[in-house]
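Visitor: I'd like to learn how to read a protein model feature by feature. Could you walk me through this one?

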Amino acid sequence: MTDQAVECKRVLLVATENALLPAAKVGGIADVIADLPAALMTQNVVADVVMPGYGRLAAQNNAELVASFDVPFAGHTLKVQLAVLPHPDVKQARIFLIDHAIIAGAKGDIYSQDEHGRPFAYDATKFALFCISVATALKNNDIGMPDVLHLHDWHTGMLVLLRAFDDRFAFLRKVKTVFTVHNLALQGIRPLSHDDSSLAAWYPGLYQQLSSVQLSQVTDPRYGGCINPMRTGIVLSDKVHLVSPSYAEEVILASDAAKGFFGGEGLELDLRAKKANGALVGILNGCHYDKTTSRKQTSPVPLLLQKMQTAIVNWMGHHQWVRAVDQIALMRIQQIHAKKLKSFPFLLTSVGRLTDQKVLILRQKVSATQSVLEAILQTLQQFDEDALFVLLGSGDADIATEFREIASRCSNFIFLEGYHPDLPEYLYRYGDLFLMPSSFEPCGISQMLAMKYGQPCLVHAVGGLKDTVVDGQSGFSFCGDNLVQQASLLQKRLQDALSIYGTQDWKIIKRTAKAQHFSWQKSSELYCSQLYDI
């Protein structure tokens, strides 16, 4: 270890995803954990990462087993393993992987699909074990004591609870703790007791010792008999971080789903209290920039079609039967091939999870027979018969069915249901306009990635989208006091964008979009001064 490393402050990032490792990413949190250590190193801060190994990451990355220790959990003593590998971007930092059969699960998935009526059941248990394993590894000095403990999302909420209320881990109370909220809509709520996935089941001794005051700090405000890991992290941490300044303002207001506004999701009073104490901070996530973001001059149509075909064939290999959605997409691709287009008259793109957070507005009805998505496709058809909308995403099965049926009727819509590591870059690189109509967006990374390739974005002016896209300058945005207004204004701004496409005004917007740099350098400086107090 160098002299410089000895002088550095140390932060331990505790999270469930990391884009630096293969098959260890589901959402944007993985990109944050991947990029943050290198950015913090510029501030003389070494950031180690500890995450679940899911029964596969240690072997896949040739991690070294450094410890095997006992953990009290669910009334048993479990043998947990700790492996480590060097951080690929920061030589002073390390990535720790914690493993047990419960953490691995049946398939080694990061997140699980639970049976109906028991949301978060398996994952909450898995991450409760992960949290007490992290605390035990710190107690055993297997990881090394950090100056700051930086926890991410509800999955790490039980570590804050153990720190606050379990005397076995009282030493952690001397360590500054920061809790980052990436998505307030997912809170990991489980029963307090009388369930094998409950606070009483995970930590029976601790549960019996908790006072009514302590329980009131971690109980869900809407469901009195439930533990809320997200609320636990918010209430019991020293600082709470929201991943954009605008999102930090939105979450202190109550949600109103009927009006299409998503704010504090039941936790607005706790977040308001944190803000009153100066412990609520909104700092925008950064984006990684390199020198490979220029658009290639070769015709994008054959290359894009090839990349889409490759992704579809890859997905088909994971299913016994050919999915209708894949068959429809391949048919649309072949139809475009037959036209021998050298370029698209207009290519609208979108990449994201199929959740109501991302596509609720697209699903709204503008008439008895037409949704916003179908109205958008009609607008593109009127602009040019070869204009195309390509949407890449997976998630909610009902949404996927709805989009598949629309794709079967609308020849200018290619719906790619799945995740592919390479395809998004080509959509960012070659699209003309990136659509991101999220009903709420804590920060968002897709709009940053599209902009760095010079693709303007059309976004709902909420959260991080509001903080990164300036309407009429670096892109297009819409708002609205309810879902009807949001749907109408989205369509209007699309028409506005199409009306100036190819003009000098459009070229200025493209250049301005590409010139935006949301660097981790700036964000890491704010982390140190406003979150870590370094």
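Visitor: Leaving out residues up to four places away in sequence, which residues does serine 237 touch?

Guide: One thing first: this is a predicted model. Serine 237 touches Val160, Thr177, Phe179, Thr232 and Lys274, once residues up to four places away in sequence are left out.

Visitor: Where is serine 237 found, and is it buried or exposed?

Guide: Serine 237 sits in the loop between α10 (229-236) and β10 (239-242). Its relative accessible area is 3%, so serine 237 is buried, the limit being under 20%.

Visitor: On to backbone angles. Which value does phi of alanine 23 take?

Guide: Phi of alanine 23 is near 55 degrees, which is positive in a residue other than glycine. Alanine 23 belongs to the loop between β1 (9-14) and α2 (28-41). With 54% relative accessibility, alanine 23 counts as exposed.

Visitor: And what is phi for phenylalanine 120?

Guide: Phenylalanine 120 isn't a glycine, yet its phi is positive, at about 70 degrees. You'll find phenylalanine 120 in the loop between α4 (101-104) and α5 (121-139). Its relative accessibility is 24%, so phenylalanine 120 counts as partly exposed.

Visitor: Now helices. How do I describe two that pack together?

Guide: You give the angle between their axes and the distance between the axes. Take α5 and helix α6 (residues 157-165): their axes come within 8 Å and cross at roughly 45 degrees. That angle makes α5 oblique to α6. The crossing of α5 and α6 is right-handed.

Visitor: Which residues of α5 and α6 meet?

Guide: From α5 you have Ala128, Cys131, Ile132, Val134 and Ala135, and they meet Met158, Leu159 and Leu162 in α6.

Visitor: How do α16 and α21 cross?

Guide: Helix α16 (residues 372-383) and helix α21 (residues 483-500) have axes that come within 11 Å and cross at roughly 20 degrees. Angles under 35 degrees count as roughly parallel, so α16 is roughly parallel to α21. The handedness of the α16 and α21 crossing is right-handed. On the α16 side the contact involves Val372, Ala375, Ile376, Thr379, Leu380 and Phe383, and on the α21 side Ala487, Leu490, Gln491, Leu494, Gln495 and Leu498.

Visitor: What about α2 and α23: at what angle do they pack?

Guide: α2 and helix α23 (residues 520-531) pack at about 75 degrees, and their axes are 9 Å apart. That makes α2 roughly perpendicular to α23. Val32, Asp35, Leu36, Ala39 and Leu40 of α2 make the contact with Trp520, Ser524, Tyr527 and Cys528 of α23.

Visitor: Time for rings. How many aromatic pairs are there?

Guide: Counting rings whose centres lie within 6.5 Å, there are 21 aromatic pairs. In one of them, the rings of phenylalanine 262 and phenylalanine 440 have centres 5.6 Å apart and planes at 40 degrees, so the pair is tilted. This pair links distant parts of the chain, 178 residues apart: phenylalanine 262 is in the loop between α11 (245-250) and α12 (268-276), and phenylalanine 440 is in the loop between β15 (433-436) and α19 (446-452). Both phenylalanine 262 and phenylalanine 440 are buried.

Visitor: How are the rings of tryptophan 520 and tyrosine 527 arranged?

Guide: Tryptophan 520 and tyrosine 527 form an edge-to-face pair, 6.2 Å centre to centre with 80 degrees between the planes. Both of these residues are buried, and both are in the α2 and α23 contact.

Visitor: Which residues do ring pairs link into a cluster?

Guide: Phe346, Phe383, Phe476, Tyr501 and Trp506.

Visitor: Last one: which charged residues sit over rings?

Guide: Here are two cases. Lysine 139 lies over the face of phenylalanine 169, 5.9 Å from the ring centre. The charged end of lysine 452 sits over the ring of tyrosine 289, 5.9 Å from its centre.

Key
Residues are numbered from 1 along each chain as its sequence is written. This is a predicted model: local features need pLDDT of at least 70, side-chain atom pairs count only at pLDDT 80 or more; totals for chains, interfaces and linings use all residues. Side-chain values use heavy atoms; hydrogens and water are left out. Rings of Phe, Tyr and Trp (its six-membered ring) pair if their centres lie within 6.5 Å; planes under 30 degrees apart count as stacked, over 60 as edge-to-face and the rest as tilted. Helices (H or I, at least four residues) and strands (E, at least two) are DSSP runs, numbered from the N terminus. Buried means under 20% relative accessible area, exposed over 50%, partly exposed in between (1.4 Å probe, protein chains only). A charge sits over a ring if NZ of Lys or CZ of Arg is within 6 Å of the ring centre and within 35 degrees of the ring normal. Axes are lines fitted to C-alpha atoms, for helices over the stretch in contact, and angles run from 0 to 180 degrees between N-to-C directions. Angles under 35 degrees count as roughly parallel, over 145 as roughly antiparallel, 65 to 115 as roughly perpendicular and the rest as oblique. A crossing is left-handed if the near helix is turned anticlockwise from the far one by less than a right angle, and right-handed if clockwise. Contact means heavy atoms within 4.5 Å.
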